[in-house]
Structure formats: structure tokens, C-alpha cells
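Hi,

Here is the structure I promised to pass on. Have a look first, and then read my notes below.

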Amino acid sequence: MSSEIAHSAFYLALFLGAIYGSRLLEKTWPIADVPHSEFCDDWLAVIVSVGLSSLLAPLAAIIASTIASYTGLGWIHLPTEGYWWYASLAFVVVALDLYKYTFHRLQHAIPFLWSMHSFHHSANAVTFITGARHLWLERVLADAFLPILAILFRIPPDMAIATGFIFFIPDACAHLNVRIPLGRFVTWINNPQWHRIHHSVLMEHRDKNFAAFFPLWDILFGTACVPKPDEYPATGLVPAERVDIINSVIWPIRHLRHRASKSDWAKGLLVLLRR
């Protein structure tokens, strides 16, 4: 019990340290000034999302285990002895990054997935905490129906933890509101300037820079938009929206209803024009 408390205290301290450090960097070298209200909105959205997804985590785990029981686990046995551990880790990271890139593109292409993923893009100011701003339903469905890593690879727990930590770094850092002048190295690894293009409000940046770790995937598949040295566009949806607690819960339903009302309005206008 004491060891579990010690581990929990360590991870809590690590989390709080990351939050404090990121805020210090964002205040020292900001890309854009972020109103306090926007920062609070991000925290509100994250708290609601994490809270609801945590409540439904047991259900997601049951569904995932059921799927895994039919498909089997660990289709690919990777060697983990000696230096092979590092080679296998690199293989898992590259394979998982390609999967993340592909799924991210689907989130923008399929209306049902976009109705949830647009919640992440509704952040009018991109900061460190925006990386955790995802709709609760999106989290639950991903955990329940996409246990990809467990199905594809049989790897030891320490490799799974290392993989999660490796992906945490670029994903969290990519949402930092910090100017990091990488110059020609901007295409080497996901970073705040590269990912800011993905969140841009400008049409020329639409559906660009999907990479989670390696921008190479964007370059290979034609979705890359290499930012100019001082290019840091405004971010968010068009038109901009502000998310409250209710929207944090019913976001997809609200937008489907909004689309339906727009469709009804268009049909009514068409009837009037025909008269």
C-alpha cells in the first residue's frame, strides 16, 4: 500500500511539475496572448472529459477485452532480449505513429468522427492543456473499440509504458503556446509551429499536418504544409465558439442538431424561392 501511495505521489508531482513548467514557458516565450477565460475553458473541458471517460472506463475495458478475446492478442511477437528491446520499441513507435496519422485523417474525413474531434479544434487558443482537450465520448469509443497496440503486438509492460511516454512528449509539446525556432528542423518532429498549422483558421491550412510524432507521414502522403519561419496563424473553428459545461457533454448532438436546423432553413428558403 505504501509503495502504491509513493508511486501515486510521484506521478502527481510529475504532472504538476509539467503543468507549472509549461505555464512558465508559455508566459516567457508565448506565440500569442491567451485570455484567462480561454485557459479556464480548456481546463473546464478537460475536467469534464476526463471525469466522464473515467466513469465509463470499466465499460470500455469490458468491450475492449471482448473484442480482444475474439481477435486474439499479440499477433506479432517482437524480440525483447538485449538490444532487440530497443529495436522492437522503435518498430512499435513507428507503426503506432502511422496508425495515429491514419486515424487522425479519418477523424477529419468522416462526419461522425469529426462531430467529436471538432471539440478538440474548438479551442480558440492552443496551449499545453489543449492536448488533453478531447470529447469524453471520443475517449471512451477509442478505448473500447480500438485496442490496436494490444492486438497487434506482444510486448512487455515496460515497453508499453515507454511507448506511451514517448508519444506524450511530442503530443503535449505540440500544443505548447511557445515559440521554438527550429528552422529547417521543423519537419523532423512534431512541434508547436508544425501542429499550429493543423489548428489554423485559414483555409489554406485545412486538413494539413496530421502527424502525431513524425511529420514525415505528412510529407509522404501529401498533407504537409511547411510553416514559414515566423508563421503562427490564429487557431480555432470558423466561426469561433466558446464551450461551456453543457457543450462539453453534448457537443456532437448539439452540432448534429445545428446541421439539421440549417438544412431545414435551406429547404424553407428553397420553397419560398419557388413560389
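**Salt bridges**

Let me begin with Asp230, which makes a salt bridge with Arg179, the closest N and O atoms being 2.9 Å apart. (A salt bridge here is a side-chain nitrogen of Lys or Arg within 4 Å of a carboxyl oxygen of Asp or Glu.) This pair links distant parts of the chain, 51 residues apart: Asp230 sits in the loop between helix 10 and helix 11, and Arg179 in the loop between helix 8 and helix 9 (192-198). Asp230 counts as exposed because its relative accessibility is 61%, while Arg179, at 33%, counts as partly exposed. For those words, buried means under 20% relative accessible area, exposed over 50%, and partly exposed in between, with a 1.4 Å probe and protein chains only.

Before going on, a word on where this comes from: it is a predicted model, so local features need pLDDT of at least 70 and side-chain atom pairs count only at pLDDT 80 or more, while totals for chains, interfaces and linings use all residues. Residues are numbered from 1 along each chain as its sequence is written, and side-chain values use heavy atoms, with hydrogens and water left out.

How many salt bridges does a search of the whole structure find? It finds 3. Another one joins Arg242 and Asp41, with 2.7 Å between the closest N and O atoms. Arg242 lies in the loop between helix 10 and helix 11 (245-274) and Asp41 in helix 2, so the pair ties together parts that are 201 residues apart in sequence.

**The chain as a whole**

The protein chain has 11 helices and 2 strands. (Both are DSSP runs numbered from the N terminus: helices are H or I with at least four residues, strands are E with at least two.) Along the sequence the pattern reads α-α-α-β-α-α-α-α-β-α-α-α-α. Of the 275 residues in the chain, 38% are buried. Helix 5 is mostly covered, with 8 of its 11 residues buried; among them are Met116, His117, Phe119 and His120.

**Pocket and cavity**

The largest pocket holds about 1800 Å³ of space. Its lining has 44 residues, and Lys100, Gly131, Arg139, Phe167 and Asp171 lie nearest its centre. Which helix gives the largest share of that lining? Helix 8 does, with 9 residues. By class, the pocket lining has 27 nonpolar, 12 polar and 5 charged residues. (Ala, Val, Leu, Ile, Met, Phe, Trp, Tyr, Cys and Pro count as nonpolar, Asp, Glu, Lys and Arg as charged, and the others, Gly among them, as polar.)

There is also 1 cavity of 30 Å³ or more, and the largest cavity holds about 30 Å³. Ile19, Ser22, Arg23, Glu26, Phe39, Trp43, Phe128 and Ile129 line it. Helix 1 gives the most to this lining, with 4 residues. The cavity lining has 5 nonpolar, 1 polar and 2 charged residues.

On the terms: on a 1 Å grid over the protein atoms alone, a cavity is a set of points where a 1.4 Å probe fits but cannot get out, and a pocket is an open set with protein on both sides within 12 Å along at least five of seven lines; lining residues have an atom within 4 Å of a point. Points are joined across faces, edges and corners, and a volume is the space filled by probe spheres set on them.

**A nonpolar patch**

Finally, Leu98, Leu216, Ile219, Leu220 and Phe221 make a nonpolar surface patch of about 450 Å². (Patch residues have over 30% relative accessible area and no salt bridge, and nonpolar side chains, meaning Val, Leu, Ile, Met, Phe, Trp and Tyr, are joined within 5 Å; areas are Shrake-Rupley values with a 1.4 Å probe.) Helix 10 (residues 216-220) gives the most to the patch, with 3 residues. Leu216 belongs to helix 10 and counts as partly exposed, at 45% relative accessibility.

Cheers

Terms used
Patches are made of residues with over 30% relative accessible area and no salt bridge: like charges are joined within 9 Å, nonpolar side chains (Val, Leu, Ile, Met, Phe, Trp, Tyr) within 5 Å.
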